[in-house]
Amino acid sequence: MSDSPVVVEQHHGPELRHHFATVEQQRDASSLGMWLFLATEIMFFGGMFCAYLIYRLNYYNEFAAGSRSLDITLGTVNTIVLICSSLTVALGVRAAQMGKQKLLVILLLLTIVFGFAFLGIKGIEWYDKYKEHHIPGATFNADDIVHEYPQIHIDQSHEQIYFSLYFAMTGLHALHMIIGIGIFAFLTYEALKGKYGPQYNTPIEIGGLYWHFVDIIWIYLFPLLYLIDRKPLR
Amino acid sequence: MATAAITAEREHYLNKEYGIRSWLLTTDHKRIALLYLMSITFFFFVGGFFALLIRLELLTPAGDLVQADTYNKLFTMHGMVMVFFFLIPSIPAVLGNFLVPMMIGAKDLAFPRINLLSWYLYIIAGLMMLHCIVTGGVDTGWTFYTPFSTAFANTKVIEAGLAIFVAGFSSILTGLNFVVTIHRMRAPGLTWSRLPLFIWAHYATSIIQLLGTPVLAITLVLVVFERLFGLGIFDPTRGGDPLLFQHLFWFYSHPAVYIMILPSMGVVAEIVPCFSRKRIFGYKAIALSSIAIAVFGFLVWAHHMFVAGISLYSAMIFSILSYLVAVPSAIKVFNWTATMYKGSISFSTPMLYAFGFIGLFTMGGLTGLFLAALGIDVHVTDTYFVVAHFHYIMVGGAVMGYLGGMHFWWPKISGRMYPEAWGRLAALIVFLGFNLTFFPQFVLGYMGMPRRYWQYPAEFQVLNVMSTAGSTILAVGYILPMVYFLWSMRYGKIADDNPWGAAGLEWKTASPPPTFNFEEMPEVTWEAYNYDEIPAPVEVSLER
Amino acid sequence: MSDHVLSSKMYYGIWIALMVLTVVTASVAFIDLGPLNTVVALLIATCKALLVVLFFMHVKYTSEKLTKLVIVSSLFWLLLLLFLSLADYSTRHLGHG
């Protein structure tokens, strides 16, 4: 049911686009728009989760072995980094709502710092994979994994599928992280100009929604990629 | 009747600003609709050109016009261009963009700049696809099946895949815009149960665009990665499963066919009551059936894979679900027909297209049920039976709905009437040409002629010649409206606000509309399709 | 989205909870629970996701039912993709399908 009243002249700032009747309508539209976009992202990553599910069921040993070759400490640290970044984002939205411009800018910058930290650690992890010849393609070689588990049969082509999915999933996640950093850089710039406050902070809100979503993707990637089987070997 | 409001004197969205910049940087949904109109028409003829080459080759049993590899490229490019650059955008991006805000009494879509971005993404994708075509094309079939597309094809798979990826993004953003607009920007009094069925249809279409297209996107990305980096996700020699590709591909591409047909059904739901001078029969059923099609459409995708190697048990499940999805479509056909019963029918051009739609869509839909039966599918899958089935729906259904809609709303869009006699003639030519082209293909398929083959046994030639003859007639039928629509923009009779006496908010404003659609925001106090209250127009005249 | 400002204490509390759950899930992975390892890991991940969605993304405080419908629908669609695909893969070796 449409909430929009018949148009009455209303006090509003320059941020009200004229095809909207009220600021509330604009904000509700922006929010719904971002949630719908996140729904599309769920399906986008979902395709990879589907591939992951099918192959993990069929190639469990190779997936477990591949998972063990990842550095669980770095993975856990990265998870914590992203959680901290979600905190700074949430506090940032709050700062904007309370009109605390300086605090908002600091929190936005901190978020970006955490984002870069995440990417840096991911870069280290990928470099390790590169050194171990676990990057799929012409240079892929999982002999080290085969030798590490003499008691089970590791099929190298199946192992490569694990790593293909590892790189595809963490790669696309990292790409979304980079885009998120870009968005937050823009938000920081606008915040410095004093654009956001209690009467208008929608971009911070919806930028925040995007960032939290990228965090949630990682919340699932972490156990699925790193924690498949860490039980002590018999 | 036409008042003295001659277009040159009154300001409206077409004459408000002139110049290329005012078009390329517009955020007016109506101008963006016209930008799309020009672009998709161009791609329609590109795709049609490939179709004519295919039909030329198939005139003779021998492969004598082109080489086999070239033929593979012809049907691939025909499919890719027609599906992704014509059918998917067509009605939503042209008629939807133009009409959705107007039908709900809004000044524009929720996100006008994103709307323009959608068009630019479409253009970028189109340029990528054109470049792909002129630098060698793709030969994998529009379905990109692996491992051929990932490991063996030496054509421009990556470029085509990326072009479609970008086009998909355009489609997603259009769907997003529509959903937010319909939820948040309806005029006061316009409850969900008063919405035109065109809006319900576009809402359902948008849901499919939002939830399905991203899966195609990731699938194409994975194919590109596989080709670029030598991964083996879909390659059986490297532990991959080609069927996984098909599951992911068809998860989108089956619902995609509902993206292509639902808007057309919305158009028919607007035309039929108007030219029957009667309220639509079963409004709620038609509205909810659109949502049902959108939902059920996601449950049936593996019926494209019955003989590909899926398990028998899952094939049975998908077969039953495929029967279910026909039910809401049938409900629509019954309700449109019931609307016409005891109505005052006029055989205007839009109504002729609507008739064509109902008949041809029904045939296409019923043959889909044949295909959903496992036993029959084993016999006719990958034959011309399938080709005929989907062309009946896509061309006999979707394209006729599109043309009907273009004629119906042309006065609103351009402020001019198209020449009615030519309109009816073209509709007839399209109908005849279409049936001559595609009915023989049902027979060919049943007799065993495979699809995507560039040569065939001599016993199939007669039917192939009939089909090719039909395609030339069909081509004439498509060219005619292009000519007379253009002609009408200069010489057509000036249109009233409401030349058809139609219901709907878009008819309560001028033709063409002002930039912000309405002089005053309307407030709706009446039910949809209130034809008992709207006087019939003067008989649609046949004069030029 | 809601207009009222939420307390920063709440945000810090959720943050602590998320950190704790992260440490728990990483630690539990080393304990042999058989097939339950996966179940527990996914349950913990879901709890963390819920905390982020409900509190950081304000879904608990919004009166917009549409937001919740969008979230639930998209998750449902994802499950559709996963489970109907699984219907094929999990029955491939039955009989002679």
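Author: pLDDT is the predictor's confidence in each residue, on a scale from 0 to 100. This is a predicted model, in which local features need pLDDT of at least 70 and side-chain atom pairs count only at pLDDT 80 or more, while totals for chains, interfaces and linings use all residues. Residues are numbered from 1 along each chain as its sequence is written, and chains are lettered from A and ligands numbered from 1 in the order in which they are written.

Reader: What is the mean pLDDT of chain B?

Author: In chain B, 97% of the residues reach 70 or more. Residues 1-5 of chain B, however, have a pLDDT below 50. The mean pLDDT of chain B is 94.

Reader: Which helix supplies the largest share of the side of chain B that touches chain A?

Author: Two residues are in contact if their C-beta atoms, placed from the backbone, lie within 7 Å; by this rule 39 residues of chain B and 34 residues of chain A take part. Helices are DSSP runs of H or I with at least four residues, numbered from the N terminus. H7 (157-184), H8 (197-229) and H9 (242-274) of chain B each supply at least two residues to this side. The largest share, ten residues, comes from H8(B).

Reader: How many residues of the side of chain A that touches chain C are charged?

Author: Here 36 residues of chain A are in contact with 33 residues of chain C, and H1(A) gives the most on the side of chain A, with 13 residues. Ala, Val, Leu, Ile, Met, Phe, Trp, Tyr, Cys and Pro count as nonpolar, Asp, Glu, Lys and Arg as charged, and the others, Gly among them, as polar. That side has 24 nonpolar and seven polar residues, and its charged residues number five.

Reader: What distance separates the centres of domain 1 and domain 2 of chain C?

Author: Chain C is divided into domain 1 (1-63) and domain 2 (64-97), with bounds from an automatic or database domain assignment. Each domain gives four residues to the contact between them. Taken over C-alpha atoms, their centres are separated by 23 Å.
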